[in-house]
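These are my notebook entries on a structure that I had not examined before. I set down what I looked up, topic by topic.

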Amino acid sequence: MLIDAPDTACVGQTRSTYDFIHAHDLDEAPYVPVEYRIKWATLAWERNEAYALRRAVFCHEQGVFAGDDRDEIDGQAKLLVAMSCVAGMPEQVVGTVRIHETQPRSWLGSRLAVHAAFRSHSKLGTTLIRLAVSSANAVGCDTFLAHVQAQNVPLFRRLNWHTVAEETLFGRPHHLMEADLSAYPPCHTPESGFVTASRGRT
């Protein structure tokens, strides 16, 4: 899958082009939004839709979990959402990821999911991870890790990640990978996050 360099900016900061992707979830999209906002979840409806999206992907589509994928980490994790916007207003959560601090200044990203109808818009996955790492970097991060499915390893390597170890999780081959933090400048406004244009727009 080709990755577009995201035309995004952290609110109050300059533009940059650090990317990443992964995918997941549901049916056909009834419209093409003009833009998407990627941010830390701050409202109940954002969190509820993010959890519903995760269930659709990890339980129903992939069959990794039975019933629900939520666990004790959700109680401490920062939940990120990618939302489609209509007339500048968020309408639907179409992507999500969570991050949490496993020990002081060491962070882990997990549960990355993108709605199936929006997976061709590669900026969503890349920008979710960009904000995940950049926001952790802003609050204090020396190490950012993720468990990456084997088929996505070449992509992560292109996006300034390297393999720490090979492993098997949920019966599937994974790599434990670490991000090069120098490629992800700190974003100090994750509650506002990034805005990215829809494919084909500027």
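The entries below go from the overall fold to the helices, the cores and the salt bridges.

**Entry 1: overall layout.** I note at the outset that this is a predicted model. I looked up the secondary structure and found 3 helices and 9 strands in the chain. Read from the N terminus, the order of elements is β-β-α-β-β-β-α-β-α-β-β-β. I then checked burial: of the 202 residues in the chain, 51% are buried.

**Entry 2: helix 1.** I located helix 1 at residues 44-61. Its 18 residues reach 24 Å from the first C-alpha to the last, close to the 26 Å expected. Its buried residues are E46, A50, Y51, L53, R54, A56, V57, F58 and C59. I asked what covers them, and the cover includes strand 2, strand 3, strand 4 and strand 5. After the helix comes G63, with a positive phi near 70 degrees.

**Entry 3: helix 2.** I turned to helix 2, residues 123-139, whose end C-alpha atoms lie 24 Å apart, in agreement with the span its 17 residues should have. Helix 2 is mostly covered, with 15 of its 17 residues buried. G140 follows helix 2 and has a positive phi, near 120 degrees.

**Entry 4: nonpolar cores.** Which residues have the most contacts inside the largest nonpolar core? I found L80, I99, L128, V133, F144 and W161, in a core of 35 residues. Elements that each supply at least two residues of this core include strand 6 (143-149), helix 3 (153-158) and strand 8 (172-179). The largest share, 7 residues, comes from helix 2. A second, separate core has 13 residues, including A50, Y51, L53 and L79. I recall that nonpolar side chains tend to be buried together in soluble globular proteins.

Entry 5: I found H100 in strand 4. H100 counts as buried because its relative accessibility is 6%, under the 20% cut-off. Leaving out residues up to four places away in sequence, H100 touches I73, Q76, A77, S106, W107 and L108. C59 is buried at 9% relative accessibility, and C141 is buried at 5%. My search for disulfides came to 0.

**Entry 6: salt bridges.** I counted 9 salt bridges in the whole structure. In one of them, the closest N and O atoms of R54 and D69 are 2.7 Å apart. R54 is in helix 1 and D69 in the loop between helix 1 and strand 3. Are these two partners buried or exposed? R54 is buried, with a relative accessible area of 0%, and D69 is buried at 1%.

Another salt bridge joins R119 and E61, with closest N and O atoms 2.9 Å apart. These partners are 58 residues apart. R119 is buried at 16% relative accessibility, whereas E61 is partly exposed at 41%.

I also recorded the salt bridge of D71 with R98, at 3.0 Å. D71 lies in the loop between helix 1 and strand 3 and R98 in strand 4, so the pair ties together parts 27 residues apart in sequence. Finally, I noted that salt bridges with shared partners join R54, D69, D71, D74, R98 and R111 into one network.

Note on methods
Residues are numbered from 1 along each chain as its sequence is written. This is a predicted model: local features need pLDDT of at least 70, side-chain atom pairs count only at pLDDT 80 or more; totals for chains, interfaces and linings use all residues. Side-chain values use heavy atoms; hydrogens and water are left out. Helices (H or I, at least four residues) and strands (E, at least two) are DSSP runs, numbered from the N terminus. Buried means under 20% relative accessible area, exposed over 50%, partly exposed in between (1.4 Å probe, protein chains only). The expected span of a helix is 1.5 Å times one less than its number of residues. Contact means heavy atoms within 4.5 Å. A disulfide is a pair of cysteine sulfur atoms within 2.5 Å. A nonpolar core is a set of buried Ala, Val, Leu, Ile, Met, Phe, Trp, Tyr and Cys residues joined through side-chain atoms within 4.5 Å. A salt bridge is a side-chain nitrogen of Lys or Arg within 4 Å of a carboxyl oxygen of Asp or Glu.
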